[in-house]
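Reader: I would like to go through this structure feature by feature. Please give the general idea each time, then the case at hand.

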Amino acid sequence: MGGKNIEDTPPDSAKHHEEGISEVADHKLEEVKRMSPWMKQITVRGILASLVIGIIYSVIVMKLNLTTGLVPNLNVSVALLAFVFLQSWIKLLEKAGIVSMPFTRQENTVIQTCAVACYSIAVGGGFGSYLLALNRKTYLLAGFDTPGNSPESIKEPGIGWMTGFLFVSSFVGLLALVPLRKIMIIDYKLSYPSGTATAVLINGFHTPKGDKMAKKQVHGFLKSFSFSFLWAFFQWFYSGGAQCGFSQFPTFGLEAWRNSFYFDFSMTYIGAGMICSHLVNLSLLLGAVLSWGLMWPLIGKRKGDWFPASLPQSSMKSLNGYKVFISISLILGDGLYHFLKILIFTAWNIYSRLKHRNNKSVPVDTDQTPCELKRNEVFMREGIPLKLACIGYIFFSVISIIVVPLMFPELKWYYVLVAYVLAPCLGFCNAYGAGLTDMNMAFNYGKVALFVLAAISGNNSGVMAGLVGCGLIKSIVSISSDLMHDFKTGHLTLTSPRSMLLSQAIGTALGCVIAPLTFFLFYKAFNIGDPDGEYKAPYAVIYRNMAILGVEGFSALPHNCLQISYGFFAFALAANLARDLLPNALGKWVPLPMAMAVPFLVGAYFAIDMCVGSLAVFVWNKLNNKKAELMVPAIASGLICGDGLWILPSSILALAKVHPPICMNFLKGK
């Protein structure tokens, strides 16, 4: 759901999840009869908990967006934290002698939905990609002398216009697919693995056995959270200068450190590595070795031949140009393959269903359990009127068609109109594919819009039109898909679709305010976009150069970069094809080109951190598999939250001009 979401729930786990849900649901069949009305599922304490969790995770994902652009799936972590918040709140009130309402799975689901909707704006709102790509620093990094990189396509970040853009672009997607919810969830029975996994966790919490399990997870979460926060606080004292502190520890020697190969003691990336699959982390490491270990040193030696020796490395006509455009070729190759694969897979699946529907010999599904029937009955009983959804979609679309061209004159109103006419179709394709594969392809739809709009808008307005249009399409397609995941979770936890839609809308509104404020906390306190600093914001440069490619074509590439990019584009296609065609025993080890692309521009250090996280999980599984399966999500969430929460006080200290007192640095011995 940022940056780039790494979805690591395997699609074939859906059957296992469904079995777990049925087991819990059968055990709780009597609870169904006492289910509260949909309005009571949304509570004041739930909204307050969602606000706090949304702020915490907005800070965390904003840091990830602005450092590497790689954001793991944190939905399960949010559901756990929601349970921790409400259970702690209820126990505090009990000790004070105040009786509170019972904490139900429906309220837990609503909090999780609202909090995820809130922080998802920080993930996919373009703060590390298409919106940040409009500022002057990114314009200069892309090369002010680069053809197509027009100085007119600059818009400095501002809380006002960013908040307004998010409000007019985010709410359209909420209503695009509401009329199709029965078809997707009940008729087609799409699995939506992430939504299903979240439902399994929430259902598990609200059972006697689940309560014991949750207590262990909460204890582990609090221990890892405290350690991570205190460790980040301790590290701060030694980071008083450029390239100072534990984050610059030359683990493998100074020469390796100069090429970004070192362990930087970041609990955020270790936690992310524990959540992401081993294949993602090993792909990151492979990309780091291939780029910083081999390619960049070799291309750097061609200085004066392939590119002028007088240019700084940060120039797009120098080494940085190869880093950016080779990363783009991997991203585009991977995105194109999955885009076509999901479209073909979706079209074939729909065709098969229609064919079977017309075949009268196909037996009707009559072996539904009582709980399945009850879930379907609740899902349909709490319906959302079709008329309301259509009027709402038209209303928000008209506002966007009027407001967006006023904010960005380069993007003509008729481009926005066409986008909103096509949006339901695009959203359906993406949501259907996500239901089958758990892959949200919204960024790839956005990239298609980026290239098309940049090409047809021309030199002066192409970059601006492409980047803003990319944001519009991506927002509509992504939010509509996320809502279907939430509907699946609600269906399996017996939560009303009305309360799910309203909580998603509340979370989206909160995110449209919180995300720009969080971004400016970083933007004012740290040097965002510095290619040699911590907050490189790599995707801002990548997206701006994609727009330039759309305007100018291959003339924007440095010398010999086109031939190398062709090779990596072909590699991305071949790697994905091999993973799909080879036997599973071999295919599961084929690297992921999208993950490989990230360290090409960012560096190797975070890939090493994430591999340490994978190693910890591997060892833990070998020692105690059952305990590891239970505790890894909680421990990883604690590490991420503790380190991420330290960003708030460190940012305030930076804004107050309070600097760390010590610089710990490492020099070569005599």
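Reader: At roughly what angle do the axes of helix H4 and H22 cross, and within what distance do they come?

Author: Two packed helices are described by the angle between their axes and the distance between the axes. Here the axes of H4 (residues 44-67) and H22 cross at roughly 45 degrees and come within 9 Å. Helices are DSSP runs of H or I with at least four residues, strands are runs of E with at least two, and both are numbered from the N terminus. An axis is a line fitted to C-alpha atoms, for helices over the stretch in contact, and the angle between N-to-C directions runs from 0 to 180 degrees. This is a predicted model, in which local features need pLDDT of at least 70 and side-chain atom pairs count only at pLDDT 80 or more, while totals for chains, interfaces and linings use all residues. Residues are numbered from 1 along each chain as its sequence is written, and side-chain values use heavy atoms, with hydrogens and water left out.

Reader: Which class does the angle between H4 and H22 fall into, and which hand does the crossing have?

Author: Angles under 35 degrees count as roughly parallel, over 145 as roughly antiparallel, 65 to 115 as roughly perpendicular and the rest as oblique. The axes of H4 and H22 cross at roughly 45 degrees, so H4 is oblique to H22. A crossing is left-handed if the near helix is turned anticlockwise from the far one by less than a right angle, and right-handed if clockwise. H4 passes H22 in a right-handed crossing.

Reader: Which residues of H4 and H22 meet?

Author: Contact means heavy atoms within 4.5 Å. On the H4 side the residues are Ile47, Leu51, Ile55, Ser58, Val59, Met62, Lys63 and Leu66, and they meet Ile506, Leu510, Ile514, Ala515, Thr518, Phe519 and Phe522 of H22. By class, this contact of H4 with H22 has twelve nonpolar residues, two polar and one charged. Ala, Val, Leu, Ile, Met, Phe, Trp, Tyr, Cys and Pro count as nonpolar, Asp, Glu, Lys and Arg as charged, and the others, Gly among them, as polar.

Reader: How do the axes of helix H20 and H21 cross?

Author: The axes of H20 (residues 442-457) and H21 cross at roughly 155 degrees and come within 7 Å. H20 is therefore roughly antiparallel to H21. The crossing of H20 and H21 is right-handed. Among the residues that make the contact are Ala442, Tyr445 and Gly446 of H20, and Gly462, Gly466 and Cys470 of H21. The contact of H20 with H21 has twelve nonpolar, six polar and two charged residues.

Reader: How many disulfides does the structure hold, and which residues does a disulfide join?

Author: A disulfide is a pair of cysteine sulfur atoms within 2.5 Å. The structure holds one. Cys244 is joined to Cys663, with an S to S distance of 1.9 Å. The torsion about the S-S bond of Cys244 and Cys663 is about -65 degrees, so this disulfide is left-handed. Cys244 is in the loop between helix H12 (208-236) and helix H13 (254-258), and Cys663 is in the segment after helix H29 (647-655); the two are 419 residues apart and link distant parts of the chain.

Reader: Where is Leu494, and what is its phi?

Author: Leu494 is in the loop between H21 (462-492) and H22 (497-525). Its phi is near 60 degrees, a positive value in a residue other than glycine. Leu494 is buried, at 11% relative accessible area. Ala537, in the loop between H22 and helix H23 (538-552), has a phi near 45 degrees, also a positive value in a residue other than glycine. Ala537 counts as buried, at 1% relative accessibility.

Reader: Which residues does Leu175 contact beyond its neighbours within four places in sequence?

Author: Leu175 lies in helix H9 (residues 172-176). Beyond those neighbours, Leu175 is in contact with Ala389, Gly392, Tyr393, Phe396 and Leu501. The C-alpha atoms of Leu175 and Ala389 are separated by 5.6 Å, although these residues are 214 residues apart along the chain.

Key
Buried < 20%, exposed > 50% of the residue type's maximum accessible area, 1.4 Å probe, protein only.
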